[in-house]
Amino acid sequence: MKSILFLVFLFISVSISAQNLPKVSSGKIERLENFSSQFVSPRNIDIWLPEGYNTENKYNVVYMHDGQMLFDSTQTWNKKEWFADEIFAKLITENKIEPSIIVAIWNTPERITEYFPYKIFENLETELQKSILEKYGNGKKISSDNYLKFIVSEVKPFIDKNYSTNSEKEHTMIIGSSMGGLISAYAISEYPEIFGGAACLSTAWFSFVEPNYAIPMAAFQYFEKNLPSPSDHKIYFDYGTGESDRPYELTQSFVDLIAKGRGFGESNYKSMVFEKAVHDEIAWSGRLQIPLIFLLQK
């Protein structure tokens, strides 16, 4: 009953703001400003609606992390963006993907603690856990399980109630890069009944910590047991050979072997390498169409 009352309060209290919205070249943005949660800190959520959006049709939904980086480089910290509106619009217009809504969930100063999978973290030695939290936690605990609860039990119900969506898992995708790629792989593994597909670009296989094989080993053990069924899920991974992506090669090759062992094949699993591609939004925007077509093709 408490959770139902909270959702009712949530639906009433969330405001759709028109202030300081990202400028987009196609479609339109609506903002849920300071979307409150039982589980994590409030944050903005930007919802991109494609041209011609209407309530007579049903739309796929793509949940994307680091939402403030997707649409407008004049508003991002590094003056780079994913060009998500242009890419989605082009693919929809060309009839290459199903019409889709983007739910762009902003990150917060707790980004690393929200994106680091807890069930991987809890299998690390205590001293290594302390080291990670001291260096990257900003006084916070690992809260990725709460972050996923926020998405699946608060954000998604709001989106499905207030927008014309196909709410089933085969129409619900989750996408991120770097640590956002890691939490996307974790999300589809923890909530296979919610997400039918995940795209994980330049997945940060823990190279932000001093070299320590205990961390990727814990990841291997988790995903070997928890990757979703290949019968009704699709997963995309990639990395570049430039800049800080290069160290991901070995870990990604092991994850590919794990996925193959779990029964994933060409029809439902894709792992790609991009020569000299670096670890930034420009690189990810240059290949975003590949996972989108893979996950959302008509």
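What percentage of the 298 residues of the chain count as buried? The share is 53%, where buried means under 20% relative accessible area with a 1.4 Å probe and protein chains only. This is a predicted model, in which local features need pLDDT of at least 70 and side-chain atom pairs count only at pLDDT 80 or more, while totals for chains, interfaces and linings use all residues. Residues are numbered from 1 along each chain as its sequence is written, and side-chain values use heavy atoms, with hydrogens and water left out.

Begin with the C-alpha trace of the chain, which spans about 50 × 45 × 40 Å along its principal axes. Then colour by secondary structure: the chain has 11 helices and nine strands, taken as DSSP runs (helices H or I, at least four residues; strands E, at least two) and numbered from the N terminus.

Next, select residues 144-162, helix 6, together with residues 179-190, helix 7; their axes lie 11 Å apart and the packing angle is about 70°, with axes fitted to C-alpha atoms over the stretch in contact and angles running from 0 to 180 degrees between N-to-C directions. The two helices are therefore roughly perpendicular to each other, a term that covers 65 to 115 degrees.

Finally, show the side chains where they meet: Ser-144, Asp-145, Tyr-147 and Leu-148 of helix 6 are in contact with Ile-183, Tyr-186, Ala-187 and Glu-190 of helix 7, contact meaning heavy atoms within 4.5 Å. By class, this contact has five nonpolar, one polar and two charged residues.

Notes: Parallel < 35°, antiparallel > 145°, perpendicular 65-115°, else oblique. Nonpolar A, V, L, I, M, F, W, Y, C, P; charged D, E, K, R; others polar. Buried < 20%, exposed > 50% of the residue type's maximum accessible area, 1.4 Å probe, protein only.
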